[in-house]
Amino acid sequence: MSRVPVTVEAIDAYASGTIEDPDAFEDALFDAAARGDTQAAEYFALRDGVRELVRRGTYDVVVTSAEAVAIERSGLRTTRIDAPLHADSGGGEVDTSADILLIRVELPLDDVSRLDVEMLAGTTLVKTIDDVRFDPREGAIYMACEGQLALATRGTGLRHRFVSIESAGRRVLREIGFDDVVEREP
Amino acid sequence: MGPFDSEEVALAARRIDEREACARLAPAVRLYAMRRLRRAGDVDDFVQEVLLAVVEAIRDGRIGDAEGLGPYTIGICRNMFRDGARTRARRDALLHRFGFLFESGTDPTTGVVSFERVRLDDCVSRLTTNARDVIKRAFVHDESNEEIAAGLGLAEGNVRVIRHRTLKFLRECVEHPVSWEAHR
């Protein structure tokens, strides 16, 4: 039995041609697979999962307006929330069975060079999406996520904070909740 | 019990083992092929040919136990790659005998493991922009580390490190509930 570790990371190094001793790794890989080890299958599950998210348009949390239109025309069921510039909350009627949720958020993007999006449960920071893509001429960004993931935020007091990262520090451009969103069951 | 029943039972048991063997080995064979063949169709053909040869070897008793399965299969891979593809007639003959293992919906080469899309979406959204771009270029556009480094303005060694760390993070992250669960 080989002692070469077979992990998802080592498999990726093998696949990308950067592993040190590929022959020894192959012996270990096949030995592990024959014994029922699932690391290679997990590698493909991750790879295929990433490909699927890219195909559906939800891999990048923030998408361009053109990509948002492409998602809406893709055949997947989409639902949409709009957050006009001076509203405290995103609004709209969302279909809870939709495949994809799109959120259009208007922002004062003039003079912004780097934009981070912070997601909060009430006042608790859950995650930060750093350095998102945007076109300042559009005055808005589009966020896309899987419908089931959006449903997972129910009851958490979800808020989005949009932060310009500048040499002088952070500048909060806007923070919105989703109190005015109406859910529509299928 | 009829005269053929015990044989049928034994055959059924052996078929399950064959499927299990194919399911276990298919991802490893696919990796082996992907390192050497560019076209997806060629990779698929190679995987199928190797698995057909494995099934034939199990049937013929050339692989006695699970211990020998891994070394035998990597041997088949190396021989098959060195000697070139088998003739179409040879492959068709094996498909005729063992094609039932590759019938639609029961293809042993796919679907052994899958992750919930919603969990992966949540995990991916927690990556840095660089990490997300590296993984997308590697997995979706099949770019080499050198190409990724050039495209993102990074050192090749940096790409390798980002790739390694990101996969480790994703692999662990998808095993956990989505990040919002603790806040409901």
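Trainee: Which residues is A:R104 in contact with, leaving aside its neighbours within four places in sequence?

Mentor: In this predicted model, A:R104 is in contact with A:R80, A:I81, A:D82, A:A83, A:A140, A:I141 and A:Y142. A:R104 itself lies in strand β4 (residues 100–106) of chain A.

Trainee: What makes the pairing of the A:R104 and A:Y142 side chains a polar contact?

Mentor: Good one to check! The distance given for these two side chains is 3.1 Å, and a polar contact needs a pair of N or O atoms within 3.5 Å. The value is therefore within the cut-off.

Trainee: Now A:G139. Why is A:G139 called partly exposed?

Mentor: Its relative accessible area is 23%. Buried means under 20% and exposed means over 50%, so A:G139, at 23%, is partly exposed.

Trainee: Where does A:G139 lie, and what does it touch?

Mentor: A:G139 is in the loop between β6 (124–129) and β7 (140–146) of chain A. Beyond residues up to four places away in sequence, A:G139 touches A:V105, A:E106, A:L107 and A:L109. With A:L109, 30 residues apart along the chain, the C-alpha separation is 5.8 Å.

Trainee: Why is α1(A) called oblique to α8(B)?

Mentor: Helix α1 (residues 8–15) of chain A and helix α8 (residues 156–173) of chain B pack at about 140 degrees, with axes 9 Å apart. Roughly antiparallel needs over 145 degrees, and roughly perpendicular runs from 65 to 115, so α1(A) is oblique to α8(B).

Trainee: Which residues make that contact?

Mentor: A:V8, A:E9 and A:D12 of α1(A) meet B:R163, B:H164, B:L167, B:K168 and B:R171 of α8(B). By class, that gives two nonpolar, one polar and five charged residues.

Key
Residues are numbered from 1 along each chain as its sequence is written. Chains are lettered from A and ligands numbered from 1 in the order in which they are written. This is a predicted model: local features need pLDDT of at least 70, side-chain atom pairs count only at pLDDT 80 or more; totals for chains, interfaces and linings use all residues. Side-chain values use heavy atoms; hydrogens and water are left out. Helices (H or I, at least four residues) and strands (E, at least two) are DSSP runs, numbered from the N terminus. Buried means under 20% relative accessible area, exposed over 50%, partly exposed in between (1.4 Å probe, protein chains only). Contact means heavy atoms within 4.5 Å. Axes are lines fitted to C-alpha atoms, for helices over the stretch in contact, and angles run from 0 to 180 degrees between N-to-C directions. Angles under 35 degrees count as roughly parallel, over 145 as roughly antiparallel, 65 to 115 as roughly perpendicular and the rest as oblique. Ala, Val, Leu, Ile, Met, Phe, Trp, Tyr, Cys and Pro count as nonpolar, Asp, Glu, Lys and Arg as charged, and the others, Gly among them, as polar. A polar contact is a pair of N or O atoms within 3.5 Å; within protein, one must be able to donate a hydrogen and the other to accept it, and residues adjacent in sequence count only if both atoms are side-chain atoms.
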